[in-house]
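Look over the sequence and structure first, then read the notes below.

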Amino acid sequence: MNRLAIATMASAAPMGAQVYEREVSSRAAAALAATGVAWRVEHVVARSLRSALAGNRRIPVGLTQRGGAGIRGALGRLLYPRSALVHRMDLTLPPAPHEVVTLHDVVAWRFPDEGTPVAGAGAELRAAVAVVCVSEATAADAVEMFGLDNTRVVHLGVDDRFRGPAPLGRRALSELGIAGRYLLHAGGASERKNLVALADAWRRLADRHPDVSLALSGPQHPRRTDLFRGLPRVAMLGRVDDTLVPGLVAGAEAVIVPSLHEGFGLPVLEAMAAGTLVVAAQTSSLPEVAGGAAVLVPPTGAGIAEGIAAVLDGDVDRADLRRRGRLRAAEFTWDRCAAEHAAIWNEAAG
């Protein structure tokens, strides 16, 4: 019987990468069983030596991140089950002798506020049996940056909770600090999220649309606070309870994704699945994911403002965009994603 160990890092603040890990991991056994090949699936969830997070392995995270190839290789041999094919879903984890690796993006190498990249990542990725890239754009980045010839593109899925949810009611919105019509940006505040341009766009638009507010959800961050301080009708939502997010998305006039770089762009698909219009920057993976069902704009204040105005002023066919968005989002399911992973695991096992 083949043996698969899916390796992840415990996280206190799950984001898009952790959604992927959860959805694929939970479907792995069933997806493999459907192929007719016998597998035993195990889960390696690593945490630091003193972490209180849930996990089943402890590793010296600092040493793992700073260590050279010899140290990381030795830690990997200690961490993972022997004779198993390891699917390493977080580059922070040490490499395994026989592994598949997921690469979400290359932002740590391009943006200084995205963390310290793993120094030996290029060599580790080249040594992997396969590197799962979540978009064609990420695969192209990986080939250009690391010279890979082992990439496999597997698009992410959309949680069914986003497929036609009811918009939040007035009371729930009021408790979040939202009144009336609103635009929504959901995500972090790092440089690549391009909040500078979004703030500029809102300065250009706010007076023209006094009945519309801009809602910003995501962990509190001083950059976001500073950029939008003093601007009219901006609601800082902080981290929104997960149960409220689909309804929050469904009730928005549009979801704005102005990023300079994304490895995939789940907010685009989640909004389209919910029947909400999307205004997205014409950068990196976003056009690939949108598939012609979003308003694509230059990642500038003027460009973003023009796209939002087109939605609010009715200069685009809103009904047609919603229809095309739902059809596009229907192509992206976690079951399909897991099945494509199973094919890669079978291939890697020979």
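In helix α1, the buried residues are Gln-18, Tyr-20, Glu-21, Glu-23, Val-24, Ser-25, Ala-28, Ala-31 and Leu-32; buried means under 20% relative accessible area, exposed over 50%, and partly exposed in between, with a 1.4 Å probe and protein chains only. The model is predicted: local features need pLDDT of at least 70, side-chain atom pairs count only at pLDDT 80 or more, and totals for chains, interfaces and linings use all residues. Residues are numbered from 1 along each chain as its sequence is written, and side-chain values use heavy atoms, with hydrogens and water left out.

**Helix α1**

- The cover over the buried residues of α1 includes the strands β1 (2-9), β2 (39-48), β4 (85-88), β5 (99-103) and β6 (130-133), along with helix α15 (334-349).
- Helix α1 holds 18 residues (16-33) and should span 26 Å at 1.5 Å a residue, which agrees with the 26 Å between its end C-alpha atoms; the expected span is 1.5 Å times one less than the number of residues.
- At Arg-27, α1 bends by about 45°, the bend being the angle between axes fitted to the seven residues ending there and the seven starting there.

**Overall fold**

- The protein has 15 helices and 13 strands; these are DSSP runs numbered from the N terminus, with helices (H or I) of at least four residues and strands (E) of at least two.
- For 350 residues, a compact globule would have a radius of gyration near 20 Å, and the 21 Å of the protein agrees. This radius is taken over C-alpha atoms, and the globule rule is 2.2 Å times the number of residues to the power 0.38.
- Along the principal axes, the C-alpha atoms fill a box of roughly 65 × 40 × 40 Å.
- Among contacts with a separation of 6 or more, 65% join residues 24 or more positions apart; a contact means heavy atoms within 4.5 Å.

**Burial and surface**

- Of the 350 residues, 54% count as buried.
- The protein exposes about 15100 Å², of which carbon and sulfur atoms supply 53%. Accessible areas come from the Shrake-Rupley method with a 1.4 Å probe, and for residues only the protein chains shown count as cover.

**Residues with positive phi**

- Arg-233, in the loop between α9 (222-228) and β10 (234-238), is a residue other than glycine with a positive phi, near 55°.
- Arg-233 counts as partly exposed because its relative accessibility is 30%.
- Ser-284, in the loop between β12 (277-281) and α12 (286-290), is a non-glycine residue with a positive phi, near 45°.
- Ser-284 has a relative accessible area of 30%, so Ser-284 is partly exposed.
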